[in-house]
Structure formats: C-alpha cells, structure tokens
Amino acid sequence: MKTTNQLLLALLFISFSNFTFAQKPGDIIKLTTYNKVLKFENIIGTNKDTVRFLAPNILFRVNKVLNDSIQLKALNFTNNEEKKKLYNDKIYYIDKNDFERSYEEYVPEDKLSVGLLTLPFKARPQDDFSFDTEFNLSTTLNYNFHKIYNAKLNAQIGAGIGSVNLNSSNASGITDDKAQDVATLNFFGGLMLEYKKVQAGIYVGVDQINNQSEYKWNSNGNLWFGFGIGFNVFKISLGEEDEQ
C-alpha cells in the first residue's frame with residue numbers, strides 16, 4: 001500500500017511539473033530579467049563573442065528543454081551589428097528554474113484588425129459646416145502602420161448604417177409637416193489612434209439614402225468630416241511580424 005501511494009505521488013508530481021512548464025521547442029519567448037548564461041554553442045562558424053547574461057526584451061526561440069537547463073536561440077538581428085555578433089547563430093544555455101521565473105510568451109501583434117465605430121458628430125462643409133448627431137454604427141477595417149510610444153496609428157476604411165432627419169430645410173422633397181428620420185448608408189476612411197483597445201480618430205466620408213429620388217436630400221453623396229470613438233473587436237492575422 002505504501003509503495004502504491006508513493007507511486008501515485010510520483011505520478012502526480014510528474015504531471016504537475018509538465019503542466020506548470022508550458023514552453024516547448026519552437027515557442028518564441030522573451031525574458032523579463034537578466035539570466036546567467038551557463039554556456040553557449042555556435043551553430044555556424046567559430047565566433048567566440050558572447051554575453052554573460054541574456055538581456056530582457058530580446059526575442060528567443062526555445063531550442064530544447066533539458067532536465068536542468070533551457071537552450072535558447074535569439075531571433076536573428078538584422079540592423080544592430082553588435083547584437084548580431086553576440087546573438088546570431090548561437091545557442092545559449094540558461095538554468096531551467098531561472099527561466100521559469102523570468103520568461104513570458106511572445107504574442108505577435110497583428111497588422112490587420114476589424115472593429116466597430118460610432119461617430120458622435122459629422123460636419124458637412126456644404127452647409128456652412130452644419131453638424132449631424134444622429135445614430136450611426138459602422139464596421140471598420142484597420143491597418144496598423146506606425147507606433148507612437150505605446151499607441152498604434154491605424155489607417156481605416158469602413159461602412160455602416162445611420163439615420164438622418166429630413167425636413168424642409170435640408171430636403172426639397174419634404175414639407176414642414178412631413179419631417180422624418182430616414183436610414184443612411186455611409187462609406188468613409190480616416191486615421192485612428194489606438195491605445196490598448198480604445199480608439200479615437202478623424203474621418204472623411206459620404207452618406208447615401210435609399211430613396212433620394214423622392215426626398216432629394218441636399219447632402220446625399222457629399223463629403224463630411226467627423227470624429228470617431230471605437231473599440232477593437234477582433235483581429236485577423238496577416239502573418240508573423242518581423243522577427244527581431
């Protein structure tokens with residue numbers, strides 16, 4: 001009975017150890033603190049330039065998981081000559097326990113995303129910059145092309161639905177007693193600044209109503225300018241970012 005209990009405890013320990021250490025060969029990670037190098041190997045050549053500690057915030061690929069150490073290979077540097085000599089084509093060994101306390105999994109940022117956007121107001125220059133504040137909701141396709149500190153700058157295109165109040169002052173097919181809200185379809189483009197998942201941007205676009213032949217809305221198809229706020233919904237991957 002005692003032997004059986006010991007065997008069960010050993011199996012539980014092995015299972016727990018495998019569960020807590022989630023990294024496997026091929027995974028990309030970055031260290032959050034400096035880790036002492038146990039030894040290194042050259043993959044190509046005999047370059048003996050090396051570091052005593054692996055620096056944080058460098059991307060490494062897990063090469064092999066050993067009993068008491070981890071083999072890491074830095075993703076190749078392309079522009080920094082000093083780091084190319086120190087990290088390219090080298091495998092570094094660090095202590096497994098130190099690694100488990102100081103790594104985080106690297107998740108690449110996708111360039112392309114889809115979101116929802118609402119425009120609190122639209123300015124129409126044809127009517128001396130009159131402002132519309134009616135309901136609108138649009139879907140957007142966002143392309144991240146630049147970073148500003150911790151924020152991302154995105155180019156956006158989108159389309160959506162909204163409403164506009166038609167009356168005798170903005171539509172020649174409406175009388176004073178027949179004012180009504182009608183649905184609009186809008187198309188737009190703009191620039192959006194995103195911090196975490198909160199977005200704000202400036203836009204230019206056009207609105208179309210479905211029954212222009214009847215109502216003759218003055219702003220149908222004319223340009224408007226707007227300010228928008230949004231929230232990122234989900235992302236579509238375009239592939240991995242540049243590795244290093």
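The entries below follow the order in which I looked things up.

**Entry 1, ground rules.** I am working with a predicted model, in which local features need pLDDT of at least 70 and side-chain atom pairs count only at pLDDT 80 or more, while totals for chains, interfaces and linings use all residues. Residues are numbered from 1 along each chain as its sequence is written, and side-chain values use heavy atoms, with hydrogens and water left out.

I searched the whole structure for salt bridges (a side-chain nitrogen of Lys or Arg within 4 Å of a carboxyl oxygen of Asp or Glu), and the search gave 5 of them. One of these joins Glu-104 to Lys-30, with 3.8 Å between the closest N and O atoms. Glu-104 belongs to strand β7 (residues 103-105) and Lys-30 to strand β1 (residues 28-31), so this pair ties together parts that are 74 residues apart in sequence. Strands here are DSSP runs of E with at least two residues, helices are runs of H or I with at least four, and both are numbered from the N terminus.

I took buried as under 20% relative accessible area, exposed as over 50% and partly exposed as in between, using a 1.4 Å probe and protein chains only. Glu-104 counts as partly exposed at 34%, and Lys-30 is likewise partly exposed at 23%.

Which residues are linked in a network of salt bridges? I found Lys-122, Arg-124 and Asp-207 joined in this way. The closest N and O atoms are 3.0 Å apart between Lys-122 and Asp-207, and 2.8 Å apart between Arg-124 and Asp-207. Arg-124 lies in strand β8 and Asp-207 in strand β13, 83 residues apart. Both Lys-122 and Asp-207 are buried, and Arg-124 is buried too.

**Entry 6, aromatic pairs.** Rings of Phe, Tyr and Trp (its six-membered ring) pair if their centres lie within 6.5 Å, and planes under 30 degrees apart count as stacked, over 60 as edge-to-face and the rest as tilted. I counted 7 aromatic pairs by this rule, including the tilted pair of Phe-77 and Tyr-87, at 5.9 Å centre to centre and 45° between the planes.
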